[in-house]
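Subject: Model handover and findings

Hello,

Here is the model we spoke about. Please open it alongside this note.

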Amino acid sequence: MLRMGKETRILNLSSNNLSQVPSEILNFFIKGDLIGVNLSNNNIPSLAELQRISSKIEKLWVEGNPLCGDILDAVTYIRQISQKFPRLTELDGVPLNNHGVKMPFFKHHVNDLGNKTKLVIEKFVTLYFGHYDTNRLKLENFYVPHANFTITTDFKETAEDILKDPYARHSRNFINPVKRAMYVEKNKKRSYHSQQAVITVLNCLPPTEHDLSTFRIDVLQHDSKCLVFVIDGVYKELPHRLSKERFIHFRRTFILYYAVKPYNNMLTSYVIVHEMFSASLASPEIVRNSFKFPIRNICQIKLIEPDTEDVQTMCNIFIYYTKLKKSEAKARLIKVDWDIKKALKQFTYDLKSGAIHSDKFIEDDDFSDLSSLLEDELD
C-alpha cells in the first residue's frame, strides 16, 4: 500500500513494472507539494495517451522505458515530453532551458562512475572545448609549464603537405617515409614539451566547432593524484582562407595531475601534464550522425533557433545598450547569428571609428518610447 502524504516533493515510482503513466497517482500528489516524478526503468511504451497536465512538476525521469527507444533524436524526445509536462525544468537529470535541452555530455557518454569524476569531467570538457572553439589563447592555464604534447594523423601527407598543412607540419606519423626521414636525418621529433609550445601548435590548427553530443569519454584512472581519460568525438573545421569545411574524427588522451593549491589562480585544481591528440577524416556515416542539433557554446551569448519572443527580447536588450533604432539593432544581431557579445563588440568598434551614421540612432524624442517598451517587457 502506498503511504505518502501530499507534502511529498519527489515521488519515486521507478522499477515498478508500470506499463503506463499513473495519472491518478499524479493527480493526487500535484494537489500538494509534488515537483518531481521518477518513472525510470519501467515498461511505459508511450506518452501519447497522457493528458496535458497543468501541474508543478519540474523534474521528471523516464529513462529506461521503451518510449525512449522509439524516439529518433534528443530534440523530439524533449519536445514530446515537455508537451505533457509544461513546467518541466529537468528531464532525466538534465537541465532544460527555453531553447531546448542543455545536455551534459557525461550523462550519455561517460561510464557510470562516481559523481566527483563526472563533475570534474563535465567542468573540464565544457570549459576546455568552449575556449578551444573561441579563443585558444585562454587554454594556456589548462597546461603546466612543462606540459608534453603530440599530434598524430592518418591523413595522406606528401612533402608539400608537410610544408603547408598545419596538422602535417606538427604531427609525428612515424610510418610516413617523409616524416621518418625527418626524425632520423634531421632529429625533428615533433613532440612539444612546454606550455607555450602547446598553445602555439593549437593556434596553428584551423578554427573549429565541436559537437559535444558525439563525445565518448573513457575514464582510465581517477584518484587523489591524477585523472586520465580519453575523448573520442567529432568536430568540423570552419571555412577559412582557401580551406573548405571538413569533418574530423578525433581522439584526445589527457593526463591531468591534481594540484594541492589552485594553479595560476584557476578555480579548478586539475592541470594537463600530458596530452596525445590524433585526428582523421570522419567517415560519411559519422558525418551524417554529427551536428544534428544546434551547438551551444558556453563562451557565447547567442540565441539558437529563436522564436518571435526571443528575437524581441534580444533586440530590446541590444537597443537599451546601444540606443540604435530597432531596424539597425536587429540587422546587426542577424549579421552575427544572434550572438549579442559579438554584436556589442562590433558596435563598439564601429562607434569609435565613426562608422555609424547618426540617423541609425534613436532620436531624443524616441527614448520615452524605448522606456515604455522595456517596461512592458519586464512586466
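Below is what turned up in it, topic by topic.

This is a predicted model, in which local features need pLDDT of at least 70, side-chain atom pairs count only at pLDDT 80 or more, and totals for chains, interfaces and linings use all residues. Residues are numbered from 1 along each chain as its sequence is written, and side-chain values use heavy atoms, with hydrogens and water left out.

Helices (H or I, at least four residues) and strands (E, at least two) are DSSP runs, numbered from the N terminus. Two strands pair if DSSP finds at least two bridges between them. Start with E11, residues 270-281. Strand E7 (residues 143-153) pairs with E11 in the parallel sense, over seven bridges. Strand E10 (residues 246-258) pairs with E11 too, but in the antiparallel sense and over 11 bridges. Look at serine 278 in E11. Threonine 152 stands opposite serine 278. Arginine 251 also stands opposite serine 278.

**Salt bridges**

A salt bridge here is a side-chain nitrogen of Lys or Arg within 4 Å of a carboxyl oxygen of Asp or Glu. The count comes to eight salt bridges. For burial, the terms are: buried, under 20% relative accessible area; exposed, over 50%; partly exposed, in between (1.4 Å probe, protein chains only).

Arginine 251 comes back here. Aspartate 232 forms a salt bridge with arginine 251, with the closest N and O atoms 3.0 Å apart. This pair links distant parts of the chain: aspartate 232 is in strand E9 (residues 226-237) and arginine 251 is in strand E10, 19 residues apart. Aspartate 232 is buried, at 15% relative accessible area. Arginine 251 is partly exposed, at 43%.

Glutamate 275 forms a salt bridge with arginine 252, and the closest N and O atoms are 2.6 Å apart. This pair also links distant parts of the chain, with glutamate 275 in E11 and arginine 252 in E10, 23 residues apart. Glutamate 275 counts as buried because its relative accessibility is 1%. Arginine 252 is buried as well, at 0%.

Next, helix H12 (residues 326-335). Arginine 332 and glutamate 328 both lie in H12, four residues apart, about one turn of the helix. Their side chains meet in a salt bridge at 2.9 Å, N to O. Both residues are buried. Salt bridges that share partners join Glu328, Arg332, Asp350 and Lys360 into one network. An α-helix has 3.6 residues a turn, so residues three or four places apart point the same way.

Helix H5 runs over residues 115-132, which is 18 residues. The expected span of a helix is 1.5 Å times one less than its number of residues. Buried residues in H5 include Val120, Ile121, Phe124, Val125, Tyr128 and Phe129.

Isoleucine 199 lies in helix H9 (residues 195-204). Isoleucine 199 is buried, with a relative accessible area of 7%. Phenylalanine 149 is 50 residues from isoleucine 199 in sequence, and the two are 9.9 Å apart in space, C-alpha to C-alpha.

**Cysteines**

How many disulfides does a search of the whole structure find? Zero, where a disulfide is a pair of cysteine sulfur atoms within 2.5 Å. Cysteine 204 is partly exposed, at 33% relative accessibility. Cysteine 315 is buried, at 1%.

**Positive phi**

Most residues other than glycine have a negative phi. Serine 15 has a positive phi of about 55° although it is not a glycine. Serine 15 sits in the loop between strand E1 (10-12) and helix H1 (23-29). Serine 15 is exposed, at 52% relative accessible area. Asparagine 41 has a positive phi too, near 55°. Asparagine 41 is in the loop between strand E2 (36-38) and strand E3 (59-61). Asparagine 41 is partly exposed, at 47%.

Regards
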